[in-house]
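Here is a short briefing to read alongside the model. Have the viewer open as you go through the points.

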Amino acid sequence: MLDIRGKIFLAPMAGFTDKVFRRLCSRFGADVTVTEMVSSKALVLGSAKTKELISFSDEEKIRGVQIFGNDPEVMAQSVKILQDEFEYHFIDINMGCPVPKLVRSGEGCALMKNPSLAAKIVEEVAKVSRKPVSVKIRKGFDDENINAPEFAYILQESGASFVTVHGRTRAQLYSGKADWEIIRKVKEKLKIPVIANGDIVDFESAKKAYEVTRADSIMIGRAALGNPWVFLQIKEGFEKGYVETKVLPHMKIRVAIEFFTQLCSEKGDKMAVLEARKHLSFFVKGIENAAKIRDKINRINNATELLEFLKELASSLEKKESFVDNIL
Ligand SMILES: Cc1cc2nc3c(=O)[nH]c(=O)nc-3n(C[C@H](O)[C@H](O)[C@H](O)COP(=O)(O)O)c2cc1C
């Protein structure tokens, strides 16, 4: 029996939460990880590229596969394929994606405007799935259509085992503040576990999110980019009442080096250099001369050279930090 209460989830983030990044976050304390969203249609059509998105590492403890689509039969069919070929713990259905391409074709967050189709999707998927089925939703489609509590209730009655709520509407995309009150309203209406998502960035906000939403678990997205310590620090905060672990710049670069090395062995040097850029830009955030460092990183096309640059950067940062430490 899968118990997802009291856990910290790493949010699915297309283009970021591949196996290498999920492994890193798991090592730092993420209890639950979810793949980037994969197209149910592409799975049914046998796309090898889509299947590549669904490999897990041993470090990932509780693993979810997120699918999107709008055809109940195709989605159920994709789950049959998934469960025959992959080892995972739950299926998550994307009903929150705001991307125009998906919304225009009635997928992602567009489903929040079509509760009967959403219900049918959950019903059909839950019917064939040997694993629990969850759904990730938003507060609503826009300010005129805020329906997360009623919508989530329909999903529950259709067979969902838990729901994740991002407290923003589709119209908001990622702007404004996540509304945690709406998550509480969802929690009050449902029997199944509710996962709170949106703007949880550290121990203080995690504590506050639990207080306001009364959710069963929390999910962290953007705050984990370049900062896997967020999981460890939140857990430490709940255990001790305060966060002891400080993240120094050289530590970030050392972890970035480890991440990049794994990316190279997973995807090959050439692809790793290209894919590492977006991650490294988060790892260097807040470090002195970050813009210059980013610029330099983006000009390097060779894995060995990039590794050397990062190693030198880590050493020079470490020297600077111990110098400051000695003065103080
Ligand atoms: C780059 C990026 C990609 C995302 N991709 C997905 C996705 O594939 N599936 C999904 O359900 N949500 C996706 N999201 C939304 C996140 O899972 C999460 O709901 C959102 O970022 C709010 O949480 P946060 O404030 O902790 O970042 C994505 C967000 C970002 C920033």
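In this predicted model, helix α1 (residues 19-27) packs against helix α11 (residues 249-267) at an angle of about 140 degrees. The two are therefore oblique to each other, since only angles over 145 degrees would count as roughly antiparallel.

**α1 with α11**
- The axes of α1 and α11 lie 9 Å apart, and the crossing is right-handed.
- On the α1 side, the contact is made by Lys19, Val20, Phe21, Arg23, Leu24 and Arg27.
- On the α11 side, the partners are Val255, Glu258, Phe259, Gln262, Leu263 and Glu266.
- By type, the residues of this contact split into 6 nonpolar, 1 polar and 5 charged.

**α4 with α6**
- Helix α4 (residues 72-85) and helix α6 (residues 115-128) have axes that come within 8 Å and cross at roughly 30 degrees.
- Angles under 35 degrees count as roughly parallel, and α4 and α6 are therefore roughly parallel to each other.
- Their crossing is right-handed.
- From α4, Pro72, Met75, Ala76, Val79, Lys80 and Gln83 meet Leu117, Lys120, Ile121, Glu124, Val125 and Val128 of α6.
- The contact of α4 with α6 comprises 8 nonpolar, 1 polar and 3 charged residues.

**Around the ligand**
- The ligand is surrounded by 17 residues, and the closest are Pro12, Gln66, Asn197, Asp199 and Arg222.
- Pro12 places a polar backbone atom 2.8 Å from an oxygen atom of the ligand.
- Lys136 has a polar side-chain atom 2.8 Å from an oxygen atom of the ligand.
- For Asn94, a polar side-chain atom is 3.3 Å from a nitrogen atom of the ligand.

Key: Residues are numbered from 1 along each chain as its sequence is written. This is a predicted model: local features need pLDDT of at least 70, side-chain atom pairs count only at pLDDT 80 or more; totals for chains, interfaces and linings use all residues. Side-chain values use heavy atoms; hydrogens and water are left out. Axes are lines fitted to C-alpha atoms, for helices over the stretch in contact, and angles run from 0 to 180 degrees between N-to-C directions. Helices (H or I, at least four residues) and strands (E, at least two) are DSSP runs, numbered from the N terminus. Angles under 35 degrees count as roughly parallel, over 145 as roughly antiparallel, 65 to 115 as roughly perpendicular and the rest as oblique. A crossing is left-handed if the near helix is turned anticlockwise from the far one by less than a right angle, and right-handed if clockwise. Contact means heavy atoms within 4.5 Å. Ala, Val, Leu, Ile, Met, Phe, Trp, Tyr, Cys and Pro count as nonpolar, Asp, Glu, Lys and Arg as charged, and the others, Gly among them, as polar. A residue is near a molecule or strand if one of its heavy atoms lies within 4 Å of it. A polar contact is a pair of N or O atoms within 3.5 Å; within protein, one must be able to donate a hydrogen and the other to accept it, and residues adjacent in sequence count only if both atoms are side-chain atoms.
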